[in-house]
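Q: I would like to go through this structure with you, one point at a time. Could we begin with the charges and rings?

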Amino acid sequence: MAYQMTFKRYELKYLLNRQEKEQILLAMEPYMKLDDYGRTVIRNIYFDTDTFRLIRRSLEKPVYKEKLRIRSYKPVKKTDPVFVEIKKKYKSVVYKRRLQLPEEKVMDSFQTGEPLPVHSQIGNEIQYFRDYYENLHPSVFLSYEREAYYSLDGSDFRVTFDENILYRRNDFSLGSEIYGFSLLGNDQTLMEIKTSGGIPLWMSEVLTKHHFQNTVLLISVCLQNLYKEETTMSNTLFQGIFDTNMTSVISISDFLLCVGCALVIGLILAGTYMYGTKYTKSFVATLALLPAVVCVVIMMVNGNVGTGVAVAGAFSLVRFRSVPGSAKEIGAIFLAMCSGLVAGMGYLAYALLSAAILGSIMLLYNRLDFGTRKHGARYKTLHITIPEDLDYSGVFDKILKKYTTDYEILQIKTTNMGSLFKLTYNLTLKDPATEKELIDALRCRNGNLEITMCRQETIVGEL
């Protein structure tokens, strides 16, 4: 039997009681049918590092996360096939790629550290995953009884119901008996909706009517409990180490005066930044509060400037861990931090004076368009989509030489599950008026696939 090996879809989980499950099943009856396997027991072995690196990252709720597991749909013997799956989630979309191999060969590979006995793209991706994280070993055995329903209209919309969900940290065998710690109550069911597109209207109405809410991944719940057990002892060793009574107490009046002054400075800097600048509400609000935050940090270290700068630097790293901003935004953040540091040290007049002078200079530079790039309309970024069988090496050189003074390929990216390539160029047009002629010439060469041309961004260079 041929199995699907790659998936790209949305997966939504809902925790139901017995009555809610019956309501869902009743609503599904005209549209969906139980698959031919009926009620099956699914066994999973999840892998992680000794320090629970994968689950710790998952608990941070990042934009991108991934995991590796071995799965079977029945008790297996050594020669029975099992699935080795690498599952990734990016911006709420789940990507799953898997291989089917005999259980004996799979387990031998993970025990010895040798690559899986298969030569394919998916096999290479799984091996890279293992090499990247190093020392992966079985962390959790998770089993559950599943009923899967498929849509009668032929779409890929599926609904599954999982019950008797058990986990354990020993006996990592896909042929063993089902036992372990239960994750659900006796009358609870985990419903999972799987679709590559939208949810049918009838299902949306059911979910809305009964106020069902998406729930957390159960594997995250059980691994979170295990991770907490491992870290509780080490955390308690550090309680009270940094407690001290050697610092003097700042009076409430001085504290409020410094914080109030820092808030005023923040408002001045935020208003200055807003003048003649594109901005977001969240950034301006953060800029207005940042001097007060730094001020409080400096006061809490009570005059120890070295420690205060170190702590303020740690706060500034939050900005660099978010979406990259322009050099102007970074400059405004440093200016706010500087003013807050001076106010926290008690030099309120100097803090106001420095904010006024530097803010005025920033306004002046904005007014004069200082640093504006000449002939900016000539500098463009070009995105071209081509079929995977088209050799992109030099395929557009003749056209680009005709319409540009110089060009540079910045990025080559696969898309649409590897069936297309997306090329990114930075180029300088000889004449901005020939932009349409250039696009038309490129359309003839790339099979009239998607082409995008936009203003050349310089944010990366600024940072």
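A: The charged end of Arg130 sits over the ring of Phe110, 4.2 Å from its centre. Here a charge sits over a ring if NZ of Lys or CZ of Arg is within 6 Å of the ring centre and within 35 degrees of the ring normal. The model is predicted, so local features need pLDDT of at least 70 and side-chain atom pairs count only at pLDDT 80 or more, while totals for chains, interfaces and linings use all residues. Residues are numbered from 1 along each chain as its sequence is written, and side-chain values use heavy atoms, with hydrogens and water left out.

Q: Which residue lies over the face of Phe83?
A: Arg98 does, at 4.0 Å from the ring centre.

Q: Back to Arg130: which residues of α4 are buried?
A: Arg130 is one of them, together with Ile122, Gly123, Ile126, Gln127, Phe129 and Tyr133. Buried means under 20% relative accessible area, exposed over 50%, and partly exposed in between (1.4 Å probe, protein chains only). Seen down the axis of α4, the buried residues fall within an arc of 150°, so they line one face of the helix. The arc is that of the directions from the helix axis to the C-beta atoms.

Q: What covers them?
A: The cover includes β1 (6-17), α2 (53-59), β3 (64-72), β4 (81-90), β5 (93-102) and α3 (103-112). Contact means heavy atoms within 4.5 Å. Helices (H or I, at least four residues) and strands (E, at least two) are DSSP runs, numbered from the N terminus.

Q: And which exposed residues are on the face turned away?
A: Gln121 and Tyr128 are carried there.

Q: How far apart are the end C-alpha atoms of α4?
A: They are 19 Å apart, which agrees with the 18 Å that the 13 residues of α4 (residues 121-133) should span at 1.5 Å a residue. The expected span is 1.5 Å times one less than the number of residues.

Q: What follows the helix?
A: Glu134 follows α4, and its phi is positive, near 60°.

Q: New topic: how many aromatic pairs does the structure hold?
A: It holds ten. In one of them, the rings of Tyr128 and Tyr132 have their centres 6.1 Å apart and their planes at 25°, so the pair is stacked. Rings of Phe, Tyr and Trp (its six-membered ring) pair if their centres lie within 6.5 Å; planes under 30 degrees apart count as stacked, over 60 as edge-to-face and the rest as tilted.

Q: Are those two tyrosines buried or exposed?
A: Tyr128 is exposed, with a relative accessible area of 57%, and Tyr132 is partly exposed, at 44%. The rings of Phe129 and Tyr133 have their centres 4.8 Å apart and their planes at 45°, so that pair is tilted. Phe129 is buried at 2% relative accessibility, and Tyr133 is buried at 9%. Tyr128, Phe129, Tyr132 and Tyr133 form one aromatic cluster.

Q: Turning to Glu192, where is it found?
A: Glu192 is found in strand β9 (residues 188-195). Glu192 is buried, with a relative accessible area of 4%.

Q: Which side chain does the side chain of Glu192 make a polar contact with?
A: That of Lys13, at 2.9 Å. A polar contact is a pair of N or O atoms within 3.5 Å; within protein, one must be able to donate a hydrogen and the other to accept it, and residues adjacent in sequence count only if both atoms are side-chain atoms.
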